[in-house]
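Please read the following points with the coordinates open beside them.

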Amino acid sequence: MRPRLPALILSVALGFHAGCATAPKTPPPPTEEQQLATRVARSASAAEALLQAQDLLVWNYWAEGARADMASTYAGQDALFTLETIRDIEQLRQRTTEPREIRALSALQAHFAGEYLSQQLAEVNDALANLEASLSFQVDGQEVRWHELERRLANERSALKRKALYTAATPALERLSPLVRRRAERTEELLKELGYSSYEAFGGELRQADLDRLGVLAEEVLQATEAPYKEVMERLAQRELGMPYASLTRADLPRLFRSREVEGLFLKGEQLLRAHGTLAGMNIDLGEMKNVRIDAREDVKGKNPRPLALGIRVPGDVRLSVRSVGGALEQAKMLHEFGHALHYAFTTEPRFELAKLGNPTVTEAYAALFEDLMEDPVWLEEHAGLKDRERAGFLAATSSHKLFLIRRAAGRLLYQLALHRQGETVEARELYRAIIARVDALPATDDDVARYQVDQEDFFQSADDFRAWFLAGQLQGQLKARFGPAWWHSPEAGTFLKGLWAHGNALSAREVAETLGDRGIVPDVLLLRLGTTLGVPMKLGGHEPPAAPAPEAPVPTPEAPKPEAPASPPAAPESPASTPESAPAPENPPAPAG
């Protein structure tokens, strides 16, 4: 046994050696840039935790019927979403040269700016929400709530009664206008405080879009679809309402598209089985994935019947709430949310800013891809037994509605661009009248024009759906070319999609299109599909449909590992996107003023 040194001798010896050892050097104080990076990282971590808490609150409200007090989540967060914090993020972004880091900081800054605006506009937003929730109007001695108007119009057989409902709602809606005006004015002031040169500059960064070029595309889409749209609407009006389209008013439009619902098919209890069955052919089972929770309970009082996918923590905690409700539209909503859940669940991107934040166009495109199965004749026959005349009638209604929505989105973009570019030099009512008359191919009545303020949207929001629909069309075209008309039966299609989903939000919508082998987002594929279904040719003059690659030579995409053990993310693009669908930061983005 080794003898022990007496404690005193040992302590003296240790003290002697310690005295002889070289004293460690004091590390140099962190540089200004290191301090800046630390502050931004701390802010990002706090924002991530807050978002998780808020998503959990939304989940409990949606799936459990629990009370949701979103305002309480901001308690103690006064120092988070401030001009100083936003300035820090912007300064770090200006000093950064690595493209992937620039993209992450851009997403973080947009999130913080959006939260700052929400906080500053909370009072007027709450007033608007409360007033809208309480809005009602009288028709034939009956009180009708504003939120019920669309449903009432769709279910009303009489054109005269539909017009009476629509007209009676106008005075109630006009009560919202002063608050909408006040919010718009205050928003302009706040954007200047944030350092943005204009409403459009912030909107372009938020949407990751070159709004100039997107406006040109919107104009091209309206021109290319004008004649086909009139022909399609005429046929639909005669078949569904027994009257010429020119005789319709906007009060008739909800009833016109009511035939998208199919009676007797898509029965209650079958929607979830269809969604799972569709994924099974691609060797995907969301129900077996450890990071995915599907709540399909039917016995929860207060549970919202509408499907909802939430990435509480992407990809580690993805949740999907569903409830059995019959009907074609409910099936479409469920497939849409499955698309979101798949994107979240198979993301391997480790950066919070690139996995969860950023523009939603890409995740909306994946959701639209699966929702579009409801417009696929092969899928409809296989999963719903729809064929022949019944299928043709359903597809005519759904494709006509999609064309209508595309034109509406294009019109909203052009209206918002003109409104914010011309400012006080344009009469907003008359601008709105001209654009909606052109978009819908219907005269604009005074009741229609009275909605010109209520119909506005925040920061060119239509740009997201506009591009997502086209990108989904391109995705569908590529899947059919590579894996066959029933691509959902191909395990290779599942592998292909997992490779795309793995990027999270690290790629812009345009870059996803380029990964497919296309030259960015183009509407030709979707317009070709709609034109073929509806029997009317549609083609943009300045575009040639992108050629689909041969199935035997697919564009390589990264194989997505199982989400339970995320692998390294795919390499970031070599340079930040400077393209129509992924605009660079505003010219030398200014640091927000304090």
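1. A residue is called buried under 20% relative accessible area, exposed over 50% and partly exposed in between, with a 1.4 Å probe and protein chains only. The model is a predicted one, in which local features need pLDDT of at least 70 and side-chain atom pairs count only at pLDDT 80 or more, while totals for chains, interfaces and linings use all residues. Residues are numbered from 1 along each chain as its sequence is written, and side-chain values use heavy atoms, with hydrogens and water left out.

2. Rings of Phe, Tyr and Trp (its six-membered ring) are paired if their centres lie within 6.5 Å, and planes under 30 degrees apart count as stacked, over 60 as edge-to-face and the rest as tilted; the count by this rule is 16 aromatic pairs. One of them joins Tyr196 and Phe202, whose centres are 5.0 Å apart with the planes at 70°, so the pair is edge-to-face. Tyr196 is buried at a relative accessible area of 8%, and Phe202 is buried at 2%.

3. Phe370 and Trp487 also form an edge-to-face pair, with 6.0 Å from centre to centre and 70° between the planes. This pair links distant parts of the chain, since Phe370 lies in helix H15 and Trp487 in the loop between H20 and H21, 117 residues apart (helices, H or I of at least four residues, and strands, E of at least two, are DSSP runs numbered from the N terminus). Phe370 is buried at 1% relative accessibility, as is Trp487 at 0%. Ring pairs join Phe346, Tyr366, Phe370, Trp487, Trp488 and Trp501 into a cluster.

4. Helix H21 (residues 491-501) has eight of its 11 residues buried, so it is largely enclosed by the rest of the structure. Among the buried residues are Phe496, Leu497, Lys498 and Trp501. The buried residues of H21 pack against helices H13 (328-345), H15 (361-371), H20 (462-483) and H22 (509-515), where contact means heavy atoms within 4.5 Å.

5. A charge sits over a ring if NZ of Lys or CZ of Arg is within 6 Å of the ring centre and within 35 degrees of the ring normal. The charged end of Arg407 sits over the ring of Tyr229, 4.7 Å from its centre, and that of Arg451 sits over the ring of Tyr166, 3.9 Å from its centre.
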